[in-house]
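Subject: Structure for your review

Dear colleague,

Please find below the structure that I am handing over to you. My notes on what was found in it follow directly after.

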Amino acid sequence: MKIAIGNDHAATDMKREIIEFVEGLGHETINFGTDGYESCDYPLFGEKVGRAVASGEADCGILICGTGVGISLAANKVKGIRCGVCSDTTTAHLIKEHNNANIIAFGTRIVGSEKAKDIVRAYLEAEFLGGRHQQRVDMIMDIERR
């Protein structure tokens with residue numbers, strides 16, 4: 001699987017750890033985040049990952065900023081993106097099973113590196129269940145079309 005990863009300055013170190021972890025699982029990564037520590041604007045990176053996923057350049061995405069919230073809001077402005085913030089493995093698993101989220105986000109100030117790896121693993125191992133959940137995802141996407 002090809003996974004787009006984006007981050008701001010607060011999450012540079014965690015992004016590096018997550019890239020190493022994801023590649024260790026056998027996936028390819030595309031780094032859309034900053035590699036520096038200078039203050040930068042997280043919406044730029046949320047949009048880049050969102051556009052890569054929406055266009056099919058990447059199969060899914062991972063976003064990291066201080067809380068995960070701001071960068072996820074930016075990604076969700078891209079048509080076709082369903083991104084949610086995950087601070088635990090249950091949410092990470094269910095966001096894929098029930099919402100067919102194509103991007104997850106988390107905060108480096110909220111979860112530590114090991115928890116972040118657990119969140120990523122839970123998300124990547126989950127599969128969308130379809131069925132009644134498809135109807136709800138369709139309803140969400142219909143909002144975007146209106």
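**The largest pocket**

Helix α6 gives the most to the lining of the largest pocket, with four residues. The structure is a predicted model, in which local features need pLDDT of at least 70 and side-chain atom pairs count only at pLDDT 80 or more, while totals for chains, interfaces and linings use all residues. Residues are numbered from 1 along each chain as its sequence is written, and side-chain values use heavy atoms, with hydrogens and water left out.

Helices (H or I, at least four residues) and strands (E, at least two) are DSSP runs, numbered from the N terminus. A pocket is an open set of points on a 1 Å grid over the protein atoms alone, with protein on both sides within 12 Å along at least five of seven lines; a cavity, by contrast, is a set of points where a 1.4 Å probe fits but cannot get out, and lining residues have an atom within 4 Å of a point. Grid points are joined across faces, edges and corners, and a volume is the space filled by probe spheres set on the points.

The space in the largest pocket comes to about 200 Å³. Both β4 and α6 supply at least two residues each to its lining. Among the lining residues are Cys-83, Gly-84, Ile-95, Asn-99, Ile-140 and Ile-143. Ile-143 belongs to helix α6 and is exposed, with a relative accessible area of 55%; the class limits are under 20% relative accessible area for buried, over 50% for exposed, and partly exposed in between (1.4 Å probe, protein chains only).

Five strands form an open sheet in the order β2-β1-β3-β5-β4, with parallel pairing. β2 (28-31) and β4 stand at the edges with a single partner strand each, so one side of each has no neighbour in the sheet. On average, neighbouring strands of this sheet are turned by 25° against each other, direction ignored. Two strands are taken to pair if DSSP finds at least two bridges between them.

β1 (residues 2-7) pairs with β2 in the parallel sense over four bridges, and Ala-4 stands opposite Ile-30 in β2. Helix α5 packs on the sheet and touches β1, β3 (60-65) and β5; its direction makes about 165° with that of β5. For such angles, axes are lines fitted to C-alpha atoms, for helices over the stretch in contact, and the angles run from 0 to 180 degrees between N-to-C directions.

β5 pairs in the parallel sense with β3 over five bridges and with β4 over three bridges. Ile-104 in β5 is the bridge partner of Ile-62 and also stands opposite Gly-84. Five of the five residues of β5 are buried, so this strand is largely enclosed by the rest of the structure. Ile-103, Ala-105 and Gly-107 point one way from β5, whereas Ile-104 and Phe-106 point the other way.

In α4 (residues 89-97), Ala-92, Ile-95, Lys-96 and Glu-97 are buried. Their cover includes β4 (83-85), β5 (103-107), α5 (113-125) and α6 (132-145). Asp-88 caps the N-terminal end of α4, with a side-chain oxygen 3.1 Å from the backbone nitrogen of Thr-90; a polar contact is a pair of N or O atoms within 3.5 Å, where within protein one must be able to donate a hydrogen and the other to accept it, and residues adjacent in sequence count only if both atoms are side-chain atoms.

Asn-100 lies in the loop between α4 and β5 and is partly exposed, with a relative accessible area of 22%. Its phi is near 50°, a positive value in a residue other than glycine. Most residues other than glycine have a negative phi.

**Two buried histidines**

His-27 sits in the loop between α1 (12-24) and β2 and is buried, with a relative accessible area of 19%. Leaving aside neighbours within four places in sequence, His-27 is in contact (heavy atoms within 4.5 Å) with Met-1, Ile-3, Val-22 and Leu-124.

His-133 lies in helix α6 and counts as buried at 7% relative accessibility. Not counting residues up to four places away in sequence, His-133 touches Glu-97, His-98 and Phe-128.

With kind regards
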